[in-house]
Amino acid sequence: MFIDPHAHMVSRTTDDYEAMAAAGIVALVEPAFWVGQPRTFVGTYVDYLSSLVGWERFRAGQFGIRHYCTIGLNSKEANNEALAEGVMEWLPRFAMKEGVVAIGEIGYDEQTPLEDKYFRAQLTLAKELGLPVMVHTPHRDKKRGTSRSMDVCEEMGLDPSWVVIDHNNEETVRETLDRGYWAGFSIYPSTKMGNARMVELLKQYGGDRIIVDSACDWGISDCLGVPKTARLALESGIAESVVRQVTYENALTVYGKSGQMQASDWLNPPPIDQRTLFEGNSILRGGRDPLIETPARHRCDSLHGDDLLIE
Amino acid sequence: MTVTCFELLRDWTCRQALDQADWLDERYAAFSRGANEQDLHLFLGLAPRRLGKQDLILSSEDLALANLAYPGWNPSGWSLDGAARVAALLAFEGPRPFAAMFQDLVRTADAHELVTLYRGLALYPRPASLEFEVGEGLRSNMRAVFESIVHHNPYPRDHFDEHRWNHMVLKALFIGSGLGAIVGLDERANAELARILLDYAQERWAAGRQVNPELWRCVGPFAERVSAYAALQRALAGTPAERGAATLALIAADTPVARDLLSTAPDTTALAADGRLDWNHLTLQEAA
């Protein structure tokens, strides 16, 4: 049983949902993000946020996966001031919606003054609303950008135990953990973190406050990043309790602080939950015939053998 | 003087809200004195957090009162937070027309909230002005959202024109949603719908697919006008539920040809006459 606490499902197919469910993912967190090109109207951003709390949640529910999200203005689009001002007006309303487990993903991209301004404004909002924060750390100038993100969180009076610093690597993890934050690792091919490297980090740091996610999105990425890492870790001799911490429990603990996410949501769902549009553990409702050989099953073969590695 | 829908919702939610009852009652009162929309948004966000999402507990007397306050209104299946949200909307006296505010609420609603907002449709002020948002809800691919308008909700009966009504029924069949919970299904039956449904049934049969037998309920009264006898005869030879449905449809048709056809199905005709077969109990097992 896994949680993928960072997955951009608006960019993924039903095949992915099937594969994730078949691989044991019971819940996921979809952070509001940059969809690959800038939005140029406030209204398109608003409709995107609305799709995170509405349509995408429904889509996940059809596959028996509980969908949560984070609400925020991402660092790239914070650089369009007119857009950013407009979006900031709508954010509090969306942040109060059900299943919103954090403000995020927010932080720095190029570390501009506008990025800084809206990062701080959103940290204030998170504090006011009593929500955890998911911080996206920059791809470039990563080490300093990560330190600065934590400096600003502290300046704004946030409790590190309410903040996930995501996209960590070998260079940033020590400081992140030492300062009391949750350390997210995105198992994302080529650019962020590979799962063999992740296993080494688990050997070194154990499982406390470490969170593994896929960050799967519109790029070449793997929605099975969490289960594949779990499998590889177990095969490499990492204790089952540690694997469970980093692929399930830690995410639940920190995002559960929102009051919007609890294990009973997926462990004990009503058979058909009409009011929350969750179809329990069956994707076969609605007249679909059971498939003998599903794509999901093929995909789950990648949990064994050569395809297990994400580099 | 009859009690209003708002008063019923207020009483039901406050009595179930335990330690939140004072907060809830005070909010309703503040909204009815006039408030800004931000206060309403905050309330809508807090309602599930403070009250919980459990079922609204209603007795049979409560349901009878609901039906008196608004004929056809059936709040069974509502949640506590949902009822409080609708009550707040009914109480709210804001700066803008209700329809403008409602549009904004729908635009930002989460999935659960959409269901709640649509369930209250018939009770809102100037309900006809909400037509556009209702259309959006009907077009939704989220089945629960569609059903929040279509099932146990008197709004379609009272406000849909024939075209929209007919397409609602057809979509319900398309997505495998039942017809029995549509308020006013018999009242709003019409020849055009019967024609559409007959075509639909024949298209399904041609493709080797099953037809939801509830469909014949909308065809029966117009069987003669839309030439549905051959199709009903086929249904009469089908599954137990189809036989039951065809029998009831032919009884509703009440024509000489229909009576001839019924004479070939004496068992189900007798069950219907005894009241052991009806649209909620289409098969012998269920009716027995």
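Which elements do the buried residues of helix 4 of chain A pack against? They pack against helix 2 (42-53), strand 3, strand 4 and helix 5 (113-129) of chain A together with helix 3 of chain B. The legends below take this setting view by view.

This is a predicted model, in which local features need pLDDT of at least 70, side-chain atom pairs count only at pLDDT 80 or more, and totals for chains, interfaces and linings use all residues. Residues are numbered from 1 along each chain as its sequence is written, while chains are lettered from A and ligands numbered from 1 in the order in which they are written.

**View 1. Helix 4 of chain A, with a kink at Glu89(A).** Helices (H or I, at least four residues) and strands (E, at least two) are DSSP runs, numbered from the N terminus. Helix 4 covers residues 81-95 of chain A, and its end C-alpha atoms are 20 Å apart, which agrees with the 21 Å that its 15 residues should span at 1.5 Å a residue; that expected span is 1.5 Å times one less than the number of residues. The kink at Glu89(A) is about 35° and lies shortly before the proline Pro92(A); such a bend is the angle between axes fitted to the seven residues ending there and the seven starting there. Val87(A), Leu91(A), Arg93(A), Phe94(A) and Ala95(A) are buried in this helix. Here, a residue is buried if 20 or more other C-beta atoms lie within 10 Å of its own, exposed if 12 or fewer, and partly exposed in between, with C-beta atoms placed from the backbone.

**View 2. Helix 3 of chain B, with a kink at Gly45(B).** In helix 3 (residues 37-51) of chain B, the 15 residues should span 21 Å at 1.5 Å a residue, and the end C-alpha atoms are 21 Å apart, which agrees. The kink, of about 35°, comes shortly before the proline Pro48(B). Leu40(B), Phe43(B), Leu44(B), Gly45(B), Ala47(B), Pro48(B) and Leu51(B) are buried. An α-helix has 3.6 residues a turn, so residues three or four places apart point the same way. The buried residues of helix 3 of chain B pack against helix 2 (21-33) and helix 5 (80-91) of chain B.

**View 3. Where chain B touches chain A.** Here 16 residues of chain B are in contact with 19 residues of chain A; two residues are in contact if their C-beta atoms, placed from the backbone, lie within 7 Å. On the chain B side, helix 3 and helix 7 (111-119) are the elements that give two or more residues. By class, this side has 7 nonpolar, 6 polar and 3 charged residues. Ala, Val, Leu, Ile, Met, Phe, Trp, Tyr, Cys and Pro count as nonpolar, Asp, Glu, Lys and Arg as charged, and the others, Gly among them, as polar.

**View 4. Strand 2 of chain A between its bridge partners.** All 7 of the 7 residues of strand 2 (residues 25-31) are buried, so this strand is largely enclosed by the rest of the structure. Strand 1 (residues 2-4) runs parallel to strand 2, joined by 3 bridges; two strands pair if DSSP finds at least two bridges between them. One bridge links Ile3(A) with Ala27(A) in strand 2. The chain crosses from strand 1 through helix 1 to strand 2 of chain A in a right-handed β-α-β crossover, meaning that, with the strands pointing away from the viewer, the path from the first strand over the helix to the second runs clockwise. Strand 2 is also joined to strand 3 (residues 66-71) of chain A by 5 bridges, again parallel, and Val29(A) has Tyr68(A) as its bridge partner in strand 3.

**View 5. Strand 4 of chain A and the residues around Ile106(A).** Strand 4 is mostly covered, with 8 of its 8 residues buried. Strand 3 and strand 4 of chain A pair in the parallel sense over 3 bridges, and Ile71(A) stands opposite Ile103(A). Strand 4 also pairs with strand 5 (residues 133-136) of chain A in the parallel sense, over 4 bridges; Val133(A) in strand 5 is the bridge partner of Ile103(A). From strand 4 the chain crosses through helix 5 of chain A to strand 5, in a β-α-β crossover that is right-handed. Ile106(A) is buried, with 29 other C-beta atoms within 10 Å. Leaving out residues up to four places away in sequence, Ile106(A) touches residues including Gly72(A), Phe119(A) and Val135(A).
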